[in-house]
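Dear colleague,

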Amino acid sequence: MKKNKKFFLGGLLFVIFILSLNFVTEAHSAQLDVTYDDCIPSPFIDYNDIGDGYNEKWYQLEKQNLEYHLSHSSDNISTIKYYMNPTGKNNSSFTWGSGLTTEETNKIKIEFKKSMEKWNNVFYYSTNSDGTITKHKLVNVLEGTQSDHNLLIYPCNNETYYALTTPIGNYDSISNNNGVEHRHYDTWEMYFDISLWKDSSHSAQEVILSRTGAHEIGHILGLRDIDSIEGDSSKYHHEEILMGYSRFLIETRQTEITYKDIAGVAITRGYHNDQQHMWLYDSKGSSTGKCKLICSLCNGVKYIPNLHTYAHYTYESCNRNHGFNSNNLIPIASYNSKDYYKCKYCRYVCSVKNLKPQQYIYHENNEYQHLGINTVSGLEFSFYENHQYIGSNCSLCGHHKHICKFKYYNYISHSGACECGETFFESHYVMAEDIEGGKQFVICRGCFHILDLTKDISTIKNSSIKKSKRGSYILPSGILVLVQDDFDDFKNGLLNFLPNSDVLFET
């Protein structure tokens, strides 16, 4: 007979464990406290790994003082569920097959889906002050249904754009920073022009289908068309990145997601903020009383009166040595089976074509993450990553996720037995809306037992209560009271009660 093991996963022990990881991302500002160099792209800069793209634009997050992107909360992975509507929005007789053969229709649908789903293979690496690397999945893109989707895609024949994406419905205005309004949307519409695709050459058709879906998802994630914001479309072109264009040929446009695209999304998703810059001091761009700093990770620029309060490297101290054994490169993101590396000391980023395949081994670390180790010679590094489950087991490290029904154990917790034979415990939790109006008898959302909170309510005014940023808190007994916005974080093991945040509860 297998021996039962007991674990306590809930309550205060759960909260303290998550705090020790220190990777939860919270709400972010509309823009970082940085500026950017003038946009001077060139086929001679960074196109064939020449130079480091000193004045090259990486991404654009706002236009006409407005920034908007897909809603998200904390470290939860946002999900885009798309549904390809059978007919046009305002023309029910126009379909995905209008003017096309069956083979062409199927090809458009299949390849466009593949293009959008390229974002499923993108991860961003954030580094804590202690050097710990955490790997973050930026978004899930999957096919929804007619009744369950947040992105509706219509076929059209406007013959203006290959595709067009726009947010619809209500939005949350998160903040106003330096005059830029920042909006979060939950629902979106996209239009794909079948007629323009049909009228293109075969080689152009291939590029359009490979790139357009990913490019449009980039808009939903907060990236703007980088060329259009420059004003002079005859001068500025960034065919080296997904959100850019080509001045002459569609065939030369980028079809893959580059790090420069990822860097912008890392900001809109909240993984790169003003506390996570890696500063480089650029003496050539500085003057008396005006020191120029460049962030190696996001390409942002900051001018300061002196360097005393900013930790920094010296710009170009790499001497343009970007070999894989130079010790100048750091992992910053991954795409498909390859990692992106960039220089710590300048703006150089390894291009897609030069990336080396990953060689990972994985070890269990805890209930929520595993440790991954890249063993490529000269590029060795380790990182923490959330488990990736297929069923109840992580497909990478084999960690088993306990799945069971809970039953009442005692006043502060419930217990459950997994099919694997292990038994564990979790704190009771209730929703804040359930105790509004001073209700004393509330149903636990985990085990559905009716809890008597009379004692907690009678002592709460004189107790020091730990709270989350959104307002969830722990009662004196250890029972959790969750606001709706924290529920997903709690179920995913990500609920963060701030350290040293004991405050007197107010009623």
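Which residues of α2 are buried? They are E104, T105, I108, F112, S115 and M116, where buried means under 20% relative accessible area, exposed over 50% and partly exposed in between (1.4 Å probe, protein chains only). They cover an arc of only 105 degrees around the axis, which puts them on the same side of α2; the arc is that of the directions from the helix axis to the C-beta atoms. On the other side of α2, T102 and E103 are exposed. Elements covering the buried residues include β7 (151–156), β9 (180–193) and α4. Helices (H or I, at least four residues) and strands (E, at least two) are DSSP runs, numbered from the N terminus.

The model is predicted: local features need pLDDT of at least 70 and side-chain atom pairs pLDDT 80 or more, while totals for chains, interfaces and linings use all residues. Residues are numbered from 1 along each chain as its sequence is written, and side-chain values use heavy atoms, without hydrogens and water.

Four strands form an open sheet of mixed pairing, in the order β12-β11-β10-β13; two strands pair if DSSP finds at least two bridges between them. Its edge strands, β12 (301–304) and β13 (313–314), each pair on one side only. Strand β10 (residues 279–287) runs parallel to β13, joined by two bridges; in one of them, L280 has Y313 of β13 as its partner.

Regards

Conventions. Contact = heavy atoms within 4.5 Å.
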